[in-house]
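This report concerns the structure of a single protein model, shown below with its sequence.

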Amino acid sequence: MKNSQKIILTGDRPTGNLHIGHYVGSIANRLALQQKGDFEKFYILIADTQALTDNAENVDKVKNNVIQVAIDYLAAGIDPDKVDIILQSQIPELAEMTMYFMNLVTVARLNRNPTVKEEIKQRGFSTSMPAGFLCYPVSQASDILAFGSTVVPVGEDQLPMLEQTREIVRSFHNTYNCDIFPMPTALLPENKACHRLVGIDGNAKMSKSLGNCIYLKDEPDIVKQKIMNAYTDPTHVKVSDPGHVEGNVVFAYLDAFCKDEHFKKFLPEYTNLDELKAHYSRGGLGDVKIKLFLNNILQELLTPIRAKRAELEKDVDKIYEMLLNNSKKASKVAGETLRKMKHAMGLDYEKFLKNK
Ligand code: TRP
């Protein structure tokens, strides 16, 4: 089908509060898209059903994080008048679509998904893997296809899900001789440094389970403390020693967050990040100085987010109401897609009644 309208859909699993890795990796991108405004519809899906595929016993954890993630979005600047935040478990049509799509995907194909493979390894699943977990890419295809999404802003790790979704579109159209779904494409963040933010400990990924995150909701003193403890360069012992910028967490974060204007404001001896890096590399620049600079930048970003969060927390009911209302509307849209699917498959049994 021709992609005549721009419909954006993206999502997150509600397994923890959002951190600054999410901010650079996805939230900033979403804010830019929201600002641009050249879309018909923009959905952000809180994927609680997907989160349950490896959290069946932890429903409370997932449920509590639904509201936390919704608050994080709104506090970070997602505008509920422009973007529909929706909740996966409240849109039952997605599960029904998934049942039909699963018949078009082989178990072998699911086993080849590199992101799922990696997750299986991390979780130590061998024979204990829930079937729902292996199949979540199919359910993700339903998330995307139910609303006719054409643009899916995601990180690189989600590219296999998009590929799977595109295969399902082709297979559904071929098998049932129809043309229902627009072909969705991934939209990756522009700034390479932002694809994946390292953890404060230097670990390749900022992740809740590794305990190496700076959260959007962290108090100022916690943010500062985490930055002061960040991994830099173990060979940079004295200030006069030459330092390494590569693999240095503070510089990785500066790459992601620092703009030239920050120098004028917080560190006027330099005009840009290249100068700062050059000084650090040749020696004579201490870690405390670069850490305090980073702290100023992050505090400036996080202070308004924290203030907005405090405001939003005063009326959580209103946020639940928004989530449920949006999901109800989304459920109607998904229902229409499902009706078209069943028609293409010949599952529209009402026609037998009409002939009577
Ligand atoms: N798999 C995504 C993640 O782990 C979350 C997600 C669920 C998603 N459904 C989606 C992302 C649809 C994009 C589009 O973060």
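The sections that follow take up the domains, their interface, the ligand surroundings and selected residues.

The model is predicted: local features need pLDDT of at least 70, side-chain atom pairs count only at pLDDT 80 or more, and totals for chains, interfaces and linings use all residues. Residues are numbered from 1 along each chain as its sequence is written, and side-chain values use heavy atoms, with hydrogens and water left out.

**Domains and their interface**

The protein is divided into domain 1, covering 7-196 + 316-354, and domain 2, covering 220-310; such bounds come from an automatic or database domain assignment. Between the C-alpha centres of the two domains the distance is 36 Å. Their contact (heavy atoms within 4.5 Å) draws on 13 residues from domain 1 and 10 residues from domain 2.

About 910 Å² is buried between domain 1 and domain 2, and 69% of it lies on carbon and sulfur atoms. Buried area here is the accessible area (1.4 Å probe) that two parts lose on being put together, summed over both. Of the area that domain 1 buries against domain 2, 51% is supplied by Ile20, Tyr23 and Ala75, more than by any other three residues.

One salt bridge is counted between the domains, a salt bridge being a side-chain nitrogen of Lys or Arg within 4 Å of a carboxyl oxygen of Asp or Glu. Asp72 and Arg309 meet through their side chains in a salt bridge, at 2.9 Å from N to O. Three residue pairs are in polar contact between domain 1 and domain 2, with both residues at pLDDT 80 or more. A polar contact is a pair of N or O atoms within 3.5 Å; within protein, one must be able to donate a hydrogen and the other to accept it, and residues adjacent in sequence count only if both atoms are side-chain atoms.

On the side of domain 1 that touches domain 2, the elements giving two or more residues are α1 (20-36) and α3 (59-76). Helices (H or I, at least four residues) and strands (E, at least two) are DSSP runs, numbered from the N terminus. The largest share of that side, six residues, comes from α3.

**Ligand surroundings**

The ligand is surrounded by 14 residues, the closest being Arg13, Gln50, Gln140, Asp143 and Gln158; a residue is near if one of its heavy atoms lies within 4 Å. The table gives distances from side-chain N or O atoms to a nitrogen atom of the ligand.

| Residue | Distance to a ligand nitrogen atom |
|---|---|
| Gln140 | 2.9 Å |
| Asp143 | 2.7 Å |
| Gln158 | 2.9 Å |

**Other residues**

Met345 belongs to helix α15 (residues 316-345). Leaving aside residues up to four places away in sequence, Met345 touches Tyr100, Phe172 and Tyr176. Met345 and Asp260 are 85 residues apart in sequence and 57 Å apart in space, C-alpha to C-alpha.

The structure holds 20 salt bridges. One of them pairs Lys6 with Asp38, whose closest N and O atoms are 3.2 Å apart. This pair links distant parts of the chain, 32 residues apart: Lys6 lies in the segment before β1 (7-12), and Asp38 in the loop between α1 and β2 (41-46).
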